[in-house]
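The following explanation leads the reader through a structure, from its parts to their interfaces and then to individual residues. Please keep the sequence and the coordinates at hand while reading.

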Amino acid sequence: MGLSVPALGGVPAGRGRRRIDRMIGRVAGPSLAVTYLSLLVLLPVAAILSRALSGGFGAFWQAVSQPEAVAALKLTLVCSLGVAVFNSLAGLVIAWVLVRDDFPGKRVVGAVIDLPFALPTVVAGLTLLTLYGPDSPFGVNVAGTRAGIVLALAFVTLPFCVRSVQPVLAELDRETEEAAASLGASSATVLRRVVLPSVAPGMLAGAGLAFARAIGEFGSVVLISGNLPFKTEVASSWIYSLSQSDDLSAAAAVSVVLIAISLAVLIAIGLLRRRFEIDETV
Amino acid sequence: MTARWRWPLRVVAFGYLALLVVIPVGSVFYRAFEHGFATAWDAVTTPDALHALFLTLIVVLIAVPLDTVFGVGVALILARHRFPGSWLLDALVDIPLAISPVVIGLSLILVYGKSGWFGNWLAAHGIQVIFSLPGIVMASAAVALPYVVREVLPVLLEIGTEQEQAAATLGAGPFTTFRRITLPSIRRSLAYGVTLTTARVLGEFGAVVIVSGAIAGRTQTLTLFIQDGIENLNPTGAYAGAVILALLALLVLIVLGGDPERRKRRWRSPSDQFPSDSETPSLSTT
């Protein structure tokens with residue numbers, strides 16, 4: 001504990017000010033912050049938990065083990081996992097080209113990678129629907145299919161996957177690679193033995209963030225998936241339709257499962273970061 | 001890697017970006033102006049469309065300042081004052097990042113809705129939160145809550161308190177110290193945090209759709225207007241609305257500035273982490 005701003009206490013004339021500063025720092029500030037946080041986040045999340053269990057554990061279990069809920073949760077997990085893995089590999093290639101290659105318009109490519117971040121999710125869904133929907137100029141129609149969901153998730157999670165690897169790649173010591181190559185290692189061996197071990201933590205962190213984002217994603221998925229029950233209905237759309245039909249307890253129950261999964265993933269990333277001493281990226 | 005891998009890698013990287021991001025985004029612009037600029041203009045100047053645009057801007061004007069003040073405040077508290085449970089506050093701030101926006105919307109209904117915890121009290125006092133502006137603002141502010149804290153806190157920890165202490169020794173009050181010393185040092189990270197917050201609030205859909213009821217001309221924000229356009233056969237309106245939203249998001253990025261280099265800087269050794277304002281951001285020229 002101790003004084004947070006010791007120098008203020010050292011000023012003889014600053015006694016009153018010190019008290020005011022301490023009051024702002026220790027009492028008023030934190031109280032206001034905690035109130036704001038409570039009104040917007042803590043009370044609401046507590047309400048979800050309480051509502052989910054309001055009918056007892058039996059009702060909770062019934063809500064989450066109902067076939068449509070199970071199908072939605074399974075679909076969400078499988079698609080999110082697939083996208084996280086695939087996008088990490090794509091992210092590695094893109095980051096590699098950005099870091100090691102040199103070409104005109106690099107800044108533009110960099111901005112394109114951040115575009116999915118800035119673009120509203122509904123607009124993201126609409127852009128994909130335009131190109132890969134019923135009116136596709138390529139004749140590829142993934143609207144109402146699981147491929148559409150994967151596409152939408154790949155779009156929104158791309159920045160995480162590139163930006164988590166890029167800095168690691170930029171810091172990577174090229175001499176080690178050159179040494180390995182001069183000792184007769186093939187490019188595949190250099191990639192496997194030198195590059196991948198160094199970028200693996202970054203890739204894993206990116207994949208984790210992408211997965212956590214993907215399992216809660218709604219806006220970009222809703223337009224392209226068509227929300228067909230048992231086929232293209234993801235967990236967040238199922239929660240949405242439950243809340244529209246005023247079945248708030250079941251919606252809260254499925255929400256609790258989603259929250260538990262994302263918390264587990266984020267804690268895993270946190271532990272990973274601590275282990276490899278990686279700072280947060282996004 | 002040898003030079004013979006350069007082109008295959010370029011093809012994969014650029015091809016993926018083109019198919020996933022560039023061409024789809026371009027095609028929305030094409031679709032919006034397919035039938036001429038006048039048609040697109042007409043589609044976004046209907047009363048419902050204009051109302052949606054104004055509502056979105058109002059929500060941004062309320063939610064972003066609230067989140068900014070909260071964000072800077074919490075970052076200052078966490079960086080400068082240790083108190084029992086400060087680690088908990090640090091962790092709790094991140095909750096909105098870990099939760100689906102739909103779940104955040106639902107959770108607000110469970111507290112402020114008709115059957116919610118505060119439902120009776122709010123109804124007795126004639127305050128409607130859910131299905132009206134306060135609910136939309138709260139949902140937007142909740143999902144965008146962590147960004148300013150997460151951008152400002154690392155910089156505050158990095159710059160330390162020496163200069164602030166010096167200012168205090170020279171007789172500056174806490175507010176003068178904040179304005180003259182702290183604020184200039186966190187300026188860039190704060191701008192980036194506000195950028196992220198604004199972009200998120202502008203484009204929020206999942207949390208807003210559930211609390212707003214999406215009543216056209218009343219509680220329909222621009223994102224809801226777009227979704228409504230697609231589902232109820234007003235594609236031109238939807239595309240034009242999407243273009244407006246995309247341009248607004250880009251405008252925010254340009255005015256406040258994205259800072260891609262920031263991420264790289266943070267991964268370096270602490271000695272060269274200090275972000276100085278003279279540094280011009282450029283994307284990884286290494």
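**The two domains of chain A**

Across the interface of domain 1 of chain A and domain 2 of chain A, the rule finds zero salt bridges, a salt bridge being a side-chain nitrogen of Lys or Arg within 4 Å of a carboxyl oxygen of Asp or Glu. The model is predicted: local features need pLDDT of at least 70, side-chain atom pairs count only at pLDDT 80 or more, and totals for chains, interfaces and linings use all residues. Residues are numbered from 1 along each chain as its sequence is written, chains are lettered from A and ligands numbered from 1 in the order in which they are written, and side-chain values use heavy atoms, with hydrogens and water left out.

Domain 1 of chain A spans 11-52 and domain 2 spans 56-280; these bounds come from an automatic or database domain assignment. Four residues of domain 1 of chain A and eight residues of domain 2 of chain A make up the contact, where contact means heavy atoms within 4.5 Å. The C-alpha centres of the two domains of chain A are 35 Å apart.

Between domain 1 of chain A and domain 2 of chain A, about 530 Å² is buried, and carbon and sulfur atoms give 72% of this area. Buried area is the accessible area (1.4 Å probe) that two parts lose on being put together, summed over both. On the side of domain 1 of chain A, the residues that lose the most area to domain 2 of chain A are A:Ile48, A:Arg51 and A:Ala52, together 85% of what that side buries. By class, the side of domain 1 of chain A that touches domain 2 of chain A has three nonpolar, no polar and one charged residues. In this classification Ala, Val, Leu, Ile, Met, Phe, Trp, Tyr, Cys and Pro count as nonpolar, Asp, Glu, Lys and Arg as charged, and the others, Gly among them, as polar.

The rule finds one residue pair in polar contact across this interface of domain 1 and domain 2 of chain A (both at pLDDT 80 or more). A polar contact is a pair of N or O atoms within 3.5 Å; within protein, one must be able to donate a hydrogen and the other to accept it, and residues adjacent in sequence count only if both atoms are side-chain atoms.

**The two chains**

Chain A has twelve helices and zero strands, and chain B has 15 helices and zero strands. Helices (H or I, at least four residues) and strands (E, at least two) are DSSP runs, numbered from the N terminus. Of the 282 residues of chain A, 55% count as buried; for chain B, with 286 residues, the share is 53%. The term buried stands for under 20% relative accessible area, exposed for over 50%, and partly exposed for values in between (1.4 Å probe, protein chains only). In chain B, residues 24 or more positions apart account for 72% of the contacts with a separation of 6 or more.

**The interface between the chains**

The contact between the chains takes 96 residues from chain B and 101 residues from chain A. The area buried between chain B and chain A is about 8600 Å², with 75% given by carbon and sulfur atoms. The rule finds two salt bridges across the interface of chain B and chain A. The side chains of B:Arg10 and A:Asp101 meet in a salt bridge, at 2.5 Å from N to O. Helix 1 (residues 6-32) of chain B supplies the largest share of the side of chain B that touches chain A, namely 18 residues. By class, that side of chain B has 65 nonpolar, 17 polar and 14 charged residues. Between chain B and chain A, eleven residue pairs are in polar contact (both at pLDDT 80 or more).

B:Ser100 is placed in the loop between helix 5 (95-98) and helix 6 (101-112) of chain B. Not counting residues up to four places away in sequence, B:Ser100 touches A:Gly216, A:Ser236 and A:Leu258. A polar atom of the side chain of B:Ser100 lies 2.7 Å from the backbone oxygen of A:Gly216. B:Ser100 is buried, because its relative accessible area is 4%.

B:Thr177, in helix 11 (residues 174-203) of chain B, also counts as buried, at 8% relative accessibility. Leaving aside neighbours within four places in sequence, B:Thr177 is in contact with B:Glu164, B:Ala167, B:Ala172 and B:Thr182.

B:Pro84, by contrast, is exposed, with a relative accessible area of 71%. B:Pro84 is found in the loop between helix 3 (47-80) and helix 4 (86-92) of chain B. B:Pro84 and B:Ala123 are 39 residues apart in sequence and 37 Å apart in space, C-alpha to C-alpha.
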